[in-house]
Each structure stands twice: as structure tokens, then as C-alpha cells.
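The text below walks through a predicted model.

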Amino acid sequence: MDTQPGKSYHQTWLGRFLVPKLLKHGILWIGVRACASSAALTLLFAFLLSLAFPGESRQIYLASSALVSAAVTAIIFWGLSTLIEHLRWNRMQLEESQRLAHLGSWQWDIVRNVVTWSPELYRIYGLDPNRFGASYDAFLDRVHDEDRERIHSVISAAIQGVRPFEFHHRIVTPNGVVRVLHGRGQVVLDRRKRPVRMMGTAQDVTEQQEAKRLIAEARDALERRVAERTAELSAALRTRDEFLSIAAHELRTPLSTLQLQVERLAAKGIDATSKLDFERVVSIIARQVHHLADRVDELLDMSRFSPDRLQVKREPVDLVGVVDDVLVRLAASIERAHCRVELDANGPVVGHWDRSSLDHVVTNLLSNALKYGAGKPIDIRVEMRSSVARLVILDRGIGIAEQDLDRIFERFERAASVRHYGGFGVGLYLVRRLVEAHGGTVSASSAPDQGATFVVELPSGEVPTDGTTGPLRPRGSHGEHG
Amino acid sequence: MANTVDDRPQILVVDDDDDTRATLCMVLEPEGYEVAEAPDGARALEMLREGMRPGLILLDLMMPVVNGWEFREQQLADPALADIPVVVFSAYADVQRTEAMGADAYLKKPLGLDTLLCAVRCHTSRRR
């Protein structure tokens, strides 16, 4: 409400002088000052007129009285209009500020139970000022069910204890929106120190609360993620350390035997070694070298099939053919293990798979069967059942305890003792990873000393339109496994 | 050979790896030791409780059934066996856990022939 363009209301004479005086002394001040001024003016005017026009006293009094009355009326009118202007300006200013701050004010006449709200408070509550039955109970009705009891007791306690209060509470607007308000209030006493009125403010802090909630949620989520990631990394580090420890152990054991045998031969000299002794030494050395070579292969497999490098290059592959190839390649191992291996298959079982992966799976499962079921027959069955290829490898070896069945497919897990059967315990983990990369499953069933049965199920696989699938990276032929 | 079978110091080799046991036999017997073998801690304890009193136990750690640590615990708990010297001969790398066993010596695989024979000579008790 600028009275002059470019000049604030407070900079005018009205704002700086008259309105503060009016507010300070009240409307009576105008009247008293006006009457006093008019009396003085009347006397001055009459005196001046009597000097100017001697002998005409009656007319002079009438004229001066009329002039003075008109002047006083004009002054009072002007003063009132100024006051009203000021109040309007002030009220607009207040409403504008409340609207910007989403802050409403209220008063509660406790004696008459009448509640007065500022327009902003009505806006916050989403209520029509004409329809709201402005009472304390009507206010409580708008408060959220879960907060009502608490708010009532805080306000009651404030009245009884005559102390200011402050709280957060939720309200429900007529269209069901829940808003969060921050309320403050204080009690007003009458002359006999009885609480008669309460006044205060309520600020809509829904958005701040929502922002706070979102920040807290984001922070919690971030903290959770950091904790998870830290746990994952620690677990990965632990696993790596365990693996290194196992790997070192697995490599040191054959090295130890090799070193002792070689030094013994060197110290004794070949001439002093009997033929029988020599043959025993050579067979021990050969076994340990073989053992070391296996461990090195296993290390390479681990690196080659690590999760970030696992690639599936699909092509038409006959699973029976893959098993045949593996049987041929492992013939020497089969003979060493004194196992009779029987393959049961009715013709080719063809699907779209990665040949190298399947070769690895079959090699690994068969090697396992040879290792744990040495000296006993091994059965392999390959069949296709409703677009799912099934590979079953059954041995009659030491078997797996029930409590170990779940974990043998995890990395670095092995049901048998570490030393007794050698290996890092990653073979079945890689098998699982490779089978899962084909959308298949691998499972084991067993009981101790009753052999183990491993079942691999592979969906035959659709031929993708571009002739290949997934992130591809060509790998070497299965010959590398041997 | 001057020694008769009876006064040769006896060594009990406890290791689950057949080739390691065979190699230790081949290494120790020509040095004048009588070597007995056990594939795990359980069998070794059985042999000791049957009355065997070797001059030294050469003990592996990671073994099935009863491992090296468990064997040592049970050995120390038995007053009749507690005094038998024990030399740990293992690829196991955790030094702290191994040293807590209170064995007479710790040899880590792989190891030179001289070091092995030296340790065995130092710790083998002649008392049968």
C-alpha cells in the first residue's frame, strides 16, 4: 500500500508520525486535540475578526463557530480515514506474511469457547471460514486421531499451569490430506489471574517434515548400502584370504614331498638307489607333479570363469557328444581311479549352449565322481525332457552329509576334508555358475557312504535372432581343460 | 647297522597324505629311526594308548577325523602321553594358532632335507 510511487508507506508523514501517535494514544487523542485546537482557534479567530470588523460581534461569533465546527469535523474525518487505511494496510501485510510463511494465528476465548483463526490458518486446514464451527472441539475434530489425545492433554496442562506450549501435530483436511503443523501458544490471564484466553500460531511444516523424512530415508538407505557393501567387501577379502591360505597349503604339500624326494635322491646318488626304491620315488614324484598341475589348472579355471568374465557363446551342441569327448579325455584318470563308467543316452541331446562351459561342467562333475568314488562304478545319464536337458552323474563313493549339500556349490566350500582329497573347493562353484549362466540348475543328493548324484538341468535354449546371445567373448576350445 | 631294532629311536609320523608319510619313512629310516605311521590324529591316539611310546611325534595339522590341534590337546590331557616330544610338520600358515599348541618345534612345508633331519635329531628323545 504505497501512498507515493517509489516511497514506502513507513517513510511518509502518515506512517512516521500520525499513525504511531494514533496507535499510541488512541482515537480519543484526535478528538481531545481537535476540541482543544478548535477552542483556541475560535478565540483567535473571534479576536482577529473583532479587530477587523468592530461592532459586529454576533455575526462574528456565528461565523467563527461554523468555521471551527467544519474544521474539527474535517480533522476527525481525516484522522479516522487515516487510521482505517493504516489498519487495512497492516492487516494485508500480516496476511501476506502469514501466507508466505504458511503460518496462521489463532485466539481462543476460553470463557465463551470461541475460536478465531487468521485466513492463512483456514487455508492450511482447508476450511471455509463461514462453515467452520469455530470452537475448541471443532478444532480438536480436525486433529489426526493419533495425535488428538496428546494435543488435548498438552493444552489442558498449559491452561492449568499457565505456561506456553509447543508441539507438532497432524491434522486432516476435509479432502483427507494429512498435514503436519508446528503449534505454539500461550495463556492470557485476566486481572484476577484467571486464564481467559489463549493465543498462538500454527505453522504448516508438512513440506519440511517430508523433506526431513526423505533426507533421513536417503541417509538410512545410503548407510545401509555402505554397510552392505562394506560387509560384502570384508567377506570378499576374508574369502580371498581363506583362499590364499588354502591355495598356499595345497601347493606347499606336494612341493614338500617333491623337495624331500629330490634332495634325498641327490644326496644318495642314483647308483645307490635300488630299482624298487627308484620306482616308488618316481611314482610319488609323478603323483605330486600331477597334483600340482591340477591345482594350477584349477587356479586358471577360477580366473577364467570368474563372475566378471563369465561369457556364454551359444551354438548347437550335443550334450551326449560333449560327455563322450570328456570320457575320452579322462580315460587315463578313469583307469587310475579303477572306475567303470557307463553312459546311458538314447541318441543326441541337442540344445543351444556354450560348448566350452558344458565341457567344463561335465569334466568337473566326472572328475569329482572319480575323486570321491574311486574304485566304484559311475553312471552317467543324458536325456531330453520337454525342452530341458538332464545330465545325471551318479557315483558310489563317500557321499555327502545332508548338512553339507547346500554349501558344496558355494565358492571355496568342500564337504570333504581339505587335505584328503585335494583341490581348492571351487570346482562345484564354477559348475553352478556355468549352469546358471545357461538358465539351468544343478543339484546334488546324497547320504554319507552311499555315493552322490549330481543332476544338471539345462533349458535347450532359444536361438536368438542375431545368431548369438548375451555378452559374448569367444573362448578357447574345450581342449584347454585337458 | 650297529643298532638293533629295539634301541632305534622311534618316530610316529601323523599325516593324512600317503605320499608324505611314505617319503618321511624313506627319509628317516636310513638315518636310523624306526618309523610308525598314522593317517590321522585318531589313529595316532589309538596307537599311543595301545602302549606305543615313540621318541618323537611328527605331526601334520590339517587332517580328517582328529586334526593336529585336537590331537595335541588330547595328548597333553593324558599324563602318560604329555611328555612325548612333538614336532609340527605342516603347510598350515597361521603361526599364532600353531604356536599356541606348545609343540617342541614347528617345521613349515616345504622344507629341506637337512633342516628336517636336524630338527628330528634335536627333539627325538632316546627314552623308549
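Contact here means heavy atoms within 4.5 Å. By that rule, 21 residues of chain A are in contact with 25 residues of chain B. The area buried between chain A and chain B is about 2000 Å², and carbon and sulfur atoms give 59% of that area.

Polar interactions also cross this interface. There are 9 residue pairs in polar contact between chain A and chain B, counting pairs with both residues at pLDDT 80 or more. The salt bridge count between chain A and chain B is 1. B:Asp19 forms a salt bridge with A:Arg287, with the closest N and O atoms 2.6 Å apart.

Which elements of chain A give two or more residues to the side that touches chain B? They are helix 7 (206–268), helix 8 (275–304) and helix 13 (418–421) of chain A. Helix 7 of chain A gives the most, with 11 residues. Sorted by class, the side of chain A that touches chain B has 9 polar, 7 charged and 5 nonpolar residues.

Chain B can now be taken by itself. Chain B has 5 strands and 5 helices, and along the sequence they follow the pattern β-α-β-α-β-α-β-α-β-α. Chain B has 128 residues, and 59% of them count as buried. Consider the contacts in chain B between residues at least 6 apart in sequence: 65% of these join residues at least 24 apart.

B:Asp15 forms a salt bridge with B:Lys109, and the closest N and O atoms are 3.0 Å apart. B:Asp15 lies in the loop between strand 1 (10–14) and helix 1 (18–28) of chain B, while B:Lys109 lies in the loop between strand 5 (105–108) and helix 5 (113–123) of chain B, so the pair ties together parts that are 94 residues apart in sequence. Are these two residues buried or exposed? B:Asp15 is buried, with a relative accessible area of 1%, and B:Lys109 is buried, also with a relative accessible area of 1%.

A:Arg213 and A:Glu217 meet through their side chains in a salt bridge, at 2.5 Å from N to O. Both residues lie in helix 7 of chain A, 4 residues apart, which is about one turn of the helix. A:Arg213 is partly exposed, with a relative accessible area of 38%, and A:Glu217 is partly exposed at 41%.

A second pair in chain A joins A:Asp109 and A:Arg112, whose closest N and O atoms are 2.9 Å apart in a salt bridge. Buried means under 20% relative accessible area and exposed means over 50%. A:Asp109, with a relative accessible area of 18%, is therefore buried, whereas A:Arg112, at 60%, is exposed.

Salt bridges can also link into a network. In chain A, such a network joins A:Glu146, A:Asp147, A:Arg150 and A:Arg170. Over all chains, a search of the whole structure finds 33 salt bridges.

Definitions and conventions. Residues are numbered from 1 along each chain as its sequence is written. Chains are lettered from A and ligands numbered from 1 in the order in which they are written. This is a predicted model: local features need pLDDT of at least 70, side-chain atom pairs count only at pLDDT 80 or more; totals for chains, interfaces and linings use all residues. Side-chain values use heavy atoms; hydrogens and water are left out. Buried area is the accessible area (1.4 Å probe) that two parts lose on being put together, summed over both. A salt bridge is a side-chain nitrogen of Lys or Arg within 4 Å of a carboxyl oxygen of Asp or Glu. A polar contact is a pair of N or O atoms within 3.5 Å; within protein, one must be able to donate a hydrogen and the other to accept it, and residues adjacent in sequence count only if both atoms are side-chain atoms. Ala, Val, Leu, Ile, Met, Phe, Trp, Tyr, Cys and Pro count as nonpolar, Asp, Glu, Lys and Arg as charged, and the others, Gly among them, as polar. Buried means under 20% relative accessible area, exposed over 50%, partly exposed in between (1.4 Å probe, protein chains only).
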